[in-house]
Amino acid sequence: MTFRQFAIYNVIRNKRTYAAYFLSSAFSVLVFFVYALFIFHPGVNEGVTKQIAVEGMKVAEYIIYVFSFLFILYSVSAFLKTRHREFGILMMHGMSRRQLNSLVFLENMLIGFSAVVVGIGFGIVFAKVFLMLGAHIMHFVDLPFYLSWKPLILTLVAFFVLFLVISMMTPLFIRSSKLIDLLKGTTKPRKEPKASVIVSLLTAVALVMAYYLSVTTTTNNIGQRLLMVVPLTIVTTYFLFSQLSIFVIRLLKRKQNFYLRSTNMITLSDLAYKMKDNARMFFLVSIVSTVAFCAIGSFAAMKSMDKQFAKEFPFAINYVSEPGDQAFHQHLQTIEQDLKAKHLSYKKLSLTTKVQDSGKTKIPVTLISVKDYNRFAQVLGFSPLKVRDNEAYVVPTSIDGAKELKKHPISSTTLEPSGKALKIAGVTNLVLYKYFDSSSLVVSGTVFNQLQSHVNKNNPYPTTPVTFVGYKVKDWKATDGIGAALSKNIRAQFKKNPETSLPYKYTSAGEEYKLSEQMYSIMFFIALLIGAVFFIAAGSFLYFRLYADLERDQHHYRAITKIGLTNKELNRTVTIQLSLLFFVPILVAVIHSAFAFVALQSLFAVSIFSATLWVLLFFVAIQIIYFFLIRFLYLKHLKEGIVS
Amino acid sequence: MLSVKKLTKVYEGKVSHRALENISFEVSEGEFIGIMGPSGSGKTTLLNMIATIDRPTAGEILIDGKNPFKLKKNDLATFRRRELGFVFQDFNLLETLTVEENIVLPLTLERVSVKIMKEKVKTVAKKLGIESILNKRTYEISGGQAQRTAIARAIIHSPKLLLADEPTGNLDSKASKDVMQTLSNINQEFATTQLMVTHDPQAASYCQRVIFIKDGALYNEIHRGDNQKTYYQRILDVLSLLGGESGDLSTIRDL
C-alpha cells in the first residue's frame, strides 16, 4: 500500500460519510455548468431579454461559487473534526505533520475532483434536456444543443481552483497538535453551552422586533428595512437555537414525571449531549433554507401578476403622437389592420393634451379636459368627474404612483406661464398610460380651452402636447405582435441613437406582458436552481450531522438494547430525534420566509400569498420525503451496528 | 536501552493532581517488562510519556541514550516511526483499511517499496498466524485477531521498543493467552525490548520482570524465576499487598 493508495482507500471506503457532501458538491458543479452552458450559448446572445438572462446567470454563477466555497469549507472542517482519533493513531505510528497535511490534501482533492467530473459529466449528458427545459421555462424559442469548450473549461477551472484552495487550507482545521488530545478524539462529551437569561430575553425581543419590522414594511422603506431585518434575523436565529434549545431541554428534564417515563430519558439526554453541534447545524440549515425559500418564492410570486398588469394598462394598445409625427394616420391604420388580422374587436378613444409648467417645481404638467376624461372613464368603467374652474384632479401614470399621491397629497398648484391657480381636489383611480412623461391634471373644459400650451425648451426632457390614442381590447394578452412594425422602428432608433427618439410612442400591453413575464421567468429559473443548490446543501448538513455520530450512536444503542430496549422503542427514539433534526430548522425557515413574504408583499399590488404558499408546501413535502429516506437508511445502519 | 530518570507528571487543573512522582528505573536491551498497579496509580501516564504521547512535568526519559522530547516535531515523528511500536487495549486499527493495509501502515509512512512491504507482511503474518485474514476488513475479524493484527503493525518495522497498554484488556482468556504467547515469542526471537502495562496478573506472568506502582511511585519489583506458576502466585501476593480494590484483579485463571 503506497501513501497515495492509503489516501484513496480512506475516501472510497468511507463513502457513506462523504456521500451527501459529494452529491451536494457535484450538484453545485452541475448547476454552475448549466448556467455556463446558457451563458456561452450563441442562441442566447440575441435579443434584449436573452441578454438580461445572461447577466442574471452571471450573477448566479458568482453566488453559487461563493456559496460552494463556504459550503465546502464548512463540510471539510466538520469532517476533519470527527477524525481526530484517527489522526492521533496515525501520528503515533510516526506520521509527520507534513504527511498528515498531504494525506488530507490528497483526500480532499480526490473527492473534489470526482465531484467536478461527475457534475460536468452529468451536465454534458443531459445538456440537451437542460437547454430544452430552460428555454421552456424562460419562454425562449427552443435552444439547439450546442456544446463548446468554454463552459466546460470555465467550470473545470473554477471548481478545480476552489477545491485546491480549500484543500490547501485544511491544515488550519486540525488545530490541536497535542497527540494525547487527538487520541482522546471526539469521545469526550461536548459541554452544554450555557444558557443566559439576559441573552434569551434579548433574543426573544429581537425576534419579535425583526418580525414586527418585516410586517410593517412599506414600498418606501423596504430597502432600509431589509438591511436591518436580515442581519437581525440571522443573529437571532443563532441564539434562538443555542439558547432556546437548552431552556426547553432543561425544562423537560426538570419535569421528572415526563423525563423518567419510557424512552424520553434516552432521547433527551442524547439531544443534550449533541446540543452544541445541533444548535450550529439548526442555525445553518434554517438560514440556508430561508434563503432558498425566499429566492424561489418571490420570483414564483412575481410570475402571477396579470391582474396587476390589467390595472396598469387600461388600454391594450397605446399610441402617443407628438408634434412632428407625420405618419400618424398611417400608423393607426397599421394598428387597426393588425387588430383585424387577429380578429380582435376594439374600442378606440383619443384625446389631445396641453402642457404648462408647475409654478413651484418648474416641471411640465400635462393637462386633460374633463370632457375627454369622462369619455375615457365611461368606456373604462370608472365614475365621471365634475371639475370646477379652480380645481383639478391628478391622473397618475401608474398604480404605485397613485398610492404615493394618495399618501402624500398635493394641495394646490399654480400653472405657468398662465398663472392659473388650481386646488387639487383628488387623485383618480384611472391611470391613463404608463409611459406618459408626467402625471396629468384633469381641468374643467373652460380652463382647458383658455390655456395655451407652453413647451419649456430649457427643460432637459421637454414635454410636448400630444394626441393619445387608446384601443381597449378585451383579450389584451393577445395583442402581442400588434403594431410590431412600430415597436421595431422605436427599437431601431434607440439602438442608432439613444439620445433622440421618434415623434411617437407605442406600447401594446400584450407585448409588455410577454416581456415582463419572460423577465420574471428568467429570474425564476435562476432563483430555482440557486434555491435548489442551497436546499440540497442544507440536506447535506443534516446527513453529515447524523453520520458523524453514527459510530457513537451504534455503541450507545448497543448498550441500551442489551439492557432491554425493544425494536419499537428504538425506532421511536430515533424517529423523534430525526424529526427534530429535520423539521425544527425547516419550520423556523418557513416562519422566517412567511414574514419575509409579508415584507415583499408591500412591493406588489396583487397578493403573492398563494404562489408563496405553494413554494413552501413543495419544500416541506420534499423535506418529508428526505426524512423518510434518511430515517430508513439510518435505522438500517444503526441496527447493523447493534447486531454485530 | 530505556532509562527513566526522576519522572514527575502533574496534571494542572482546579485541583492539580500529581500522577507520577520521582519515578526512576532502567530497562536493558531485550527485556520484557510488565508494569502493574491499582487503578489510578499512574501506569498509563507512565507509558504515555515513554510513548512520547504526553510530556513529563519534570525528569527525563532516554531511549537508546536519546531524549525524544528534545527532538523537533518532524524528527519526533520519524523517531516514533522507526524506533517505537504500539499496541493498545482497544486495538486502534483503522476501519477504512484491510488487515494487511493496517499492518503495513508504518512502512507506508516510511515510503518503503511495495515489494519489501509484501515480503515483510508475509513473514510477520505467518509468525502471528493471521495469514488467512489479511484481506479482511477490521469489522470482519475477532478481538484476538484484531490484537494480533495490531501487534503485527507494531513490529513490522522492527522497532527497538514495543509498548503495550493493556493489550489483553478487551480479550477473552483464550485470546489473551494467544496474544501474550505471541508477545513473548517476539521478545525471544527478535530480542525486541517490550514494556507492557496490565491489570491482568496472568498476562504479567509472561514478563521477565514486573514493576509495581502505587500512587505514582515505585512500590516493588519482582523477577521471574524458572517456574511461571510460582511467579504468577508471587505477582498475586504483591497485588494483594498493594491493596488495590478487589475489582482491579481479574479472576484467577488456570495456566
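Trainee: Which residues of H3(B) meet H5(B), and which residues of H5(B) do they meet?

Mentor: This is a predicted model. In H3(B), the residues are Val99(B), Asn102(B), Ile103(B), Leu105(B) and Pro106(B). They meet Thr149(B), Ala152(B) and Arg153(B) in H5(B).

Trainee: What makes up the contact of H3(B) with H5(B), by class?

Mentor: Five residues are nonpolar, two are polar and one is charged. Arg counts as charged, and Arg153(B) is one of the residues in the contact.

Trainee: Why are H3(B) and H5(B) called roughly parallel?

Mentor: Helix H3 (residues 99–110) of chain B packs on helix H5 (residues 143–155) of chain B at about 30 degrees. Angles under 35 degrees count as roughly parallel. H3(B) and H5(B) are therefore roughly parallel to each other. Their axes are 6 Å apart.

Trainee: What is the hand of the crossing where H3(B) passes H5(B)?

Mentor: The crossing is right-handed.

Trainee: Now chain A. Why do H9(A) and H22(A) count as roughly parallel?

Mentor: Helix H9 (residues 197–215) of chain A and helix H22 (residues 567–601) of chain A pack at about 30 degrees, with axes 7 Å apart. The cut-off is under 35 degrees. H9(A) and H22(A) are therefore roughly parallel. H9(A) brings Tyr211(A), Ser214(A) and Val215(A) to the contact. H22(A) brings Phe595(A), Ala596(A), Val598(A) and Ala599(A). By class, six of the contact residues are nonpolar, one is polar and none is charged.

Trainee: In what order do the six strands of chain A close into a barrel?

Mentor: The order is E3-E4-E8-E5-E7-E6, and the pairing is mixed. From one strand to the next, the twist averages 45 degrees.

Trainee: How do you know that strands E4 and E8 of chain A pair?

Mentor: Pairing needs at least two bridges. Strand E4 (residues 364–369) and strand E8 (residues 440–443) of chain A have four, in the parallel sense. So the two strands pair. Leu367(A) stands opposite Leu441(A) in E8(A). Helix H16 (residues 370–380) of chain A packs on the sheet and touches E4 and E8, with its direction at about 70 degrees to that of E4(A).

Trainee: How many residues does each of chain A and chain B give to the contact?

Mentor: Chain A gives 22 residues and chain B gives 24. Helices H1 (3–12), H4 (84–92), H5 (97–125) and H8 (179–184) of chain A each supply at least two residues of the side that touches chain B. That side of chain A divides into eleven nonpolar, eight polar and three charged residues.

Technical notes
Residues numbered from 1 in each chain as written. Chains lettered and ligands numbered in written order. Predicted model: local features only at pLDDT ≥ 70, side-chain atom pairs only at ≥ 80, totals over all residues. Axes fitted to C-alpha atoms, helices over the stretch in contact; angles between N-to-C directions. Parallel < 35°, antiparallel > 145°, perpendicular 65-115°, else oblique. Left-handed = near helix turned anticlockwise from the far one by under 90°. Contact = placed C-beta atoms within 7 Å.
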